[in-house]
Amino acid sequence: MRVVPIILALAVLAGCSNGLAPASDLSGEWVATRVESSVGLDLQQHGTGIAGVGTWQKAIDPPSGYVAIDGTYLPPQLTLTLHYDNGTTSRYTAAVPDADHSLGREVFADGTTDSLTFVRQ
């Protein structure tokens with residue numbers, strides 16, 4: 001009758017998260033910081049859909065503003081469209097290697113690209 005305790009122990013271990021697997025839910029606050037700018041996102045996930053709002057700040061004019069977000073998350077792939085209040089739109093495509101990081105590239109309509117790493121707060 002040792003089978004039952006072993007199965008129970010395996011079930012408990014399977015339910016534990018060590019943070020090394022892609023997140024199942026990206027809801028929450030995420031921040032990407034660079035020397036010249038930062039972006040903060042407040043995301044809500046519903047199924048594979050992502051929506052949210054955020055703020056951005058730059059060291060040059062215009063110094064700050066808001067961003068609306070929509071996209072999809074099919075682990076480990078995240079794709080977001082960021083609609084900045086200054087009229088700029090970009091697409092962020094990233095891998096989510098664990099529950100607290102998103103590593104990707106933001107591509108703007110004019111072709112400019114930027115590497116961004118978001119960290120869950």
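The following chat discusses a predicted model of one protein chain.

User: What does the predictor's confidence look like for the chain?

Analyst: The mean pLDDT (the predictor's confidence in each residue, from 0 to 100) is 86, and 83% of the residues reach 70 or more. In this predicted model, local features need pLDDT of at least 70 and side-chain atom pairs count only at pLDDT 80 or more, while totals for chains, interfaces and linings use all residues. Residues are numbered from 1 along each chain as its sequence is written, and side-chain values use heavy atoms, with hydrogens and water left out.

User: Where is confidence lowest, and where highest?

Analyst: Helix α1 (residues 3-15) is lowest, at a mean of 41, and β6 is highest, at 98. Helices (H or I, at least four residues) and strands (E, at least two) are DSSP runs, numbered from the N terminus. Where pLDDT is low, the predicted coordinates should not be read in detail.

User: Which strands make up the barrel?

Analyst: Eight strands form a closed barrel in the order β1-β2-β3-β4-β5-β6-β7-β8, with antiparallel pairing. Two strands pair if DSSP finds at least two bridges between them.

User: How many bridges join β3 to β4?

Analyst: Nine bridges join β3 (residues 49-58) to β4 (residues 64-74). Tryptophan 56 stands opposite glycine 65 in β4.

User: And what about β6 and its partners?

Analyst: Seven bridges join β5 (residues 77-84) to β6 (residues 89-98), and seven join β6 to β7 (residues 101-108). In the hairpin of β5 and β6, with four residues between the strands, glycine 87 takes a positive phi near 95°. The hairpin from β6 to β7 passes through two residues.

User: Changing topic: how many salt bridges are there?

Analyst: The search of the whole structure finds three. A salt bridge is a side-chain nitrogen of Lys or Arg within 4 Å of a carboxyl oxygen of Asp or Glu. Arg34, Glu36 and Asp114 are linked in a network: arginine 34 meets glutamate 36 with the closest N and O atoms 3.5 Å apart, and aspartate 114 at 2.7 Å, N to O. Arginine 34 lies in the loop between β1 (28-33) and β2 (37-46) and aspartate 114 in β8 (residues 113-120), so this pair ties together parts 80 residues apart in sequence.

User: Which residues form the other one?

Analyst: Arginine 120 and aspartate 100 do, at 3.6 Å, N to O. Arginine 120 lies in β8 and aspartate 100 in the loop between β6 and β7, so the pair ties together parts 20 residues apart in sequence.
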